[in-house]
Structures are given as C-alpha cells and as structure tokens.
Amino acid sequence: MREQIQRAAEMLAAATRVAALTGAGVSVESGIPAFRGSQGLWEKYDPMDFASIESFRADPGRVWGMLAELDGVISDARPNAAHLAMARLEAMGKLHTLVTQNIDGLHQAAGSARVVEFHGNGAQFRCLSCHGLFERDQVDFRALPPRCQCGGLIKPDVVFFGEPIPERQAMEAFNAAQNCQAMLVVGTSAVVAPASMLPGLAKRHGAKIIEVNMEPTGLTGNLADISLMGGAGQIMPELAEAVARLLDA
C-alpha cells in the first residue's frame, strides 16, 4: 500500500490541475451513513423510496419524518481526517475543484473553499412553489411538512431522485473533469448518473484516475490508474503527507 500511495502522490504532485469526486464514503467516519448497505438510518428507510421527488410530492409528511431524522444526524457531524486531508491538498495548491455528492457541508467545514455541491446542501431549504431559499433557522419544523408563507411545500435544497442536477453545478463539475490532469475519486463507487460520468470524462481527456474506496468498484482495474483500498480517513492523510513531502523536496 505504501508504494501505491507514493505512486499516487507522484501523479498528484506532477499534475497542474487536480479535481476530486467524493461520495458518502468520505463522511461515514463522521457518523453519516451511506445509502448503500444496511446501516443506521437506512435500515429504517429505503432511500430509493424516501429520497425520490415522486414520494415527496405524494406524501411529504411521511418523507419529512425521515428528513428530520437525517437532518439531526448531519447537524451533529463534524469533519474527519479525510475532509481535513482534502482541505490540506487545496491549501497546497494541488486540489483545484472538489465535486461532492454529499449534502453535509463537511468539506467546507474542514476548510475546502472550491467545492461544487453536485447534489445540493442539506442545510438550506427551498419552497417548491415560490422557489424561495431559506436557512435552517428560518424554517418552522414544529409541524411537518413545513410550509412557506406562500403556502408552498418546503423541501431541503438537495437533488432528490427524479430531479435534475442544477445547471451551474453541472457545468462546473464537467468543466473540472475535462480540464484536470488527475482526478481523485474518494468514497464513491461512481455508479449514480450523472456524477458517474465524471471519472470517464476526465480519463478521456488524459487525466490519471486515483480511487480511494473501502472495496473494489467498477473503477477498479478498469478506469482507475491506482486503486487504494481502505478507509478514506486513513488513506487521505497519508496521501496528502506524501504529496507535501514531494512538493517540499
């Protein structure tokens, strides 16, 4: 593993632009469960049901029961070593754009500034009728589902299954993939479209792909040039330290 981490660090150090795609595996060590696998919250709720816009519109009170519980989990979470390591790579001038599928805001809390929230931010809320945007303390959660002053339903400002990716976030993410020389894929199997398209796009434009995942994915032995198997909270700090040594040499 040490040799693989060194090879990955050399790729990152040599690249003039590095992008990253992160998923739920980055935040699991902060106590936020991934959709896939039977763990915590998702033993009680089927995300393919509760996280679809059709389910929300059909029975918003039912879906908000899950959303309120998820909001409590996210509100209590703090950045872990993986988030901090990625912020360190940005501070070194190595990580230029971080595209995350997560809605927890932990990359920003760790210090990352150039973050594209591909699926939105769970700490913001939007009215489905007037499209007003609200912070958490502006929403009355005492009665579920919460409603806007206009009478419209309020939902988290996140992308549910069945909703499109916001145009600005999509453009930023795809531009980053097209223009990077290396892409880190951390804590995601990269199977949910359209985020799953980003590593392939980067590869077609000549980028090296480095994945960090707990177990093999569709990228392993296929698209990825290097696959580092293990927890992001362990591997990312080691990788960031190896890059720092190369830059200081």
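This is a predicted model: local features need pLDDT of at least 70, side-chain atom pairs count only at pLDDT 80 or more; totals for chains, interfaces and linings use all residues.
**View 1. Strand S8 and its burial.** Strand S8 spans residues 208-213, and because five of its six residues are buried, that is, under 20% relative accessible area, the strand is largely enclosed by the rest of the structure.

View 2. Strand S7 (residues 182-186) pairs with S8 in the parallel sense, and five bridges join the two. Within this pairing, Val186 has Val212 of S8 as its bridge partner. Together with helix H10 (residues 197-204), S7 and S8 make a β-α-β unit that is right-handed.

**View 3. Strands S8 and S9.** Strand S9 (residues 226-229) runs parallel to S8, to which it is joined by four bridges, and Ser227 in S9 stands opposite Glu211.

**View 4. The largest nonpolar core.** This core holds 29 residues, of which Leu12, Leu184, Val186, Leu228, Met236 and Leu239 touch the most other members. Two or more residues each are given to the core by helix H1 (2-14), strand S1 (18-22), helix H7 (81-91), strand S2 (95-100), S7, S8, S9 and helix H11 (232-248). Helix H11 provides the largest share, seven residues.

**View 5. The surroundings of Val186.** When residues up to four places away in sequence are not counted, Val186 touches Leu21, Thr22, Gly23, Val26, Met86, Val212, Asn213, Ala232 and Met236. Among these contacts, Val212 is also the bridge partner of Val186 in S8, while Met236 is, like Val186, one of the core residues that touch the most other members.

Note on methods: Residues are numbered from 1 along each chain as its sequence is written. Side-chain values use heavy atoms; hydrogens and water are left out. Buried means under 20% relative accessible area, exposed over 50%, partly exposed in between (1.4 Å probe, protein chains only). Two strands pair if DSSP finds at least two bridges between them. A crossover is right-handed if, with the strands pointing away from the viewer, the path from the first strand over the helix to the second runs clockwise. A nonpolar core is a set of buried Ala, Val, Leu, Ile, Met, Phe, Trp, Tyr and Cys residues joined through side-chain atoms within 4.5 Å. Contact means heavy atoms within 4.5 Å.
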